[in-house]
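Here is a short report for a reader new to this structure. Take a look at the chain before reading on.

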Amino acid sequence: MDDRTMLKIEKLNVNYGAIQAVRDVSISINRGEIVTLIGANGAGKSSIIRAIMGLVKSHSEEMTFISPRDGKPVSIQGKPAEAHVKLGISLSPEGRRILPQLTVEENLTLGAYIRDDAKGISDDMEYVYSLFPRLKERRKQKGSTLSGGEQQMLAVGRALMSRPDLLMLDEPSLGLAPILVDEVFGIIREINAQGRTILLVEQNAFDVLEVGAVGLSGTGAELLNDPKVRAAYLGG
């Protein structure tokens, strides 16, 4: 295992009854990286990220998280989501799933439910507001009154409130206008530049992540120049 490794997964499998959604997927993520899973709807991307978070039952030969806080490898296979959050893993789920009856501020506070450091929580809320100024303007408004883009910002902000080392984002661009997609991804790059490792799930390509298994892997530049990816995006 590379000494930069934060998350290592070997032969991950996820089944829903008789249906195998993920088969023998292996992933390695290094500290400071942005790693993206791309592929068609139903390819198994969300099942992978939910398995990492402990939200669905899974089986793997190895699922190890190495916290940069102490450098100790910890097996996260079979542990509940709360244990993962305490280790430094957080998820902004597909569909945002904010609590619409609560205010922006209350939603963010819920993101820090495992913490008891009032000053740190206050500082991190201001940090989220610095990333998303519109959330500060609307901090007393209920989540239900926000636009789709603002709700996505709130979902990301809420995930940041646990102060994660690994931030996982499931389809953050889903349903957003192109100008808002650019804004959200700009903020994701900023979050990464400030030291957080990011695992991102995105749709858009049909053959890159084959159904339930990794079809291709590589750097962004390598995949961009791969004929199979070009065909998926450009129809060649």
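Predicted model: local features only at pLDDT ≥ 70, side-chain atom pairs only at ≥ 80, totals over all residues.

Residues are numbered from 1 along each chain as its sequence is written, and side-chain values use heavy atoms, with hydrogens and water left out.

**The chain**

The chain holds 9 helices and 8 strands. These are DSSP runs, numbered from the N terminus: helices are H or I with at least four residues, strands are E with at least two. Of the 236 residues, 48% are buried (under 20% relative accessible area, with exposed over 50% and partly exposed in between; 1.4 Å probe, protein chains only). Contact means heavy atoms within 4.5 Å. Among contacts with a separation of 6 or more, 69% are between residues 24 or more positions apart.

**Helix 3 and helix 6**

Helix 3 spans residues 104–111 and helix 6 spans residues 148–160. Their axes come within 7 Å and cross at roughly 35 degrees. Such axes are lines fitted to C-alpha atoms over the stretch in contact, and angles run from 0 to 180 degrees between N-to-C directions. From helix 3, the contact uses Val-104, Asn-107, Leu-108 and Gly-111. Helix 6 supplies Leu-154, Gly-157 and Arg-158. These contact residues divide into 3 nonpolar, 3 polar and 1 charged. Here Ala, Val, Leu, Ile, Met, Phe, Trp, Tyr, Cys and Pro count as nonpolar, Asp, Glu, Lys and Arg as charged, and the others, Gly among them, as polar.

**Asp-124**

Asp-124 lies in helix 4, residues 118–131. Asp-124 counts as buried because its relative accessibility is 9%. Its side chain makes the polar contacts tabulated below. A polar contact is a pair of N or O atoms within 3.5 Å; within protein, one must be able to donate a hydrogen and the other to accept it, and residues adjacent in sequence count only if both atoms are side-chain atoms.

| Side chain | Partner side chain | Polar contact |
|---|---|---|
| Asp-124 | Arg-115 | 2.6 Å |
| Asp-124 | Arg-163 | 2.9 Å |

Not counting residues up to four places away in sequence, Asp-124 touches Arg-115, Met-161 and Arg-163.

**Leu-87**

Leu-87 sits in helix 2, residues 81–87. Leu-87 counts as partly exposed because its relative accessibility is 21%. Leu-87 and Ile-76 are 11 residues apart in sequence and 9.3 Å apart in space, C-alpha to C-alpha. Beyond four places away in sequence, Leu-87 touches residues including Phe-65, Ile-76 and Asp-165.
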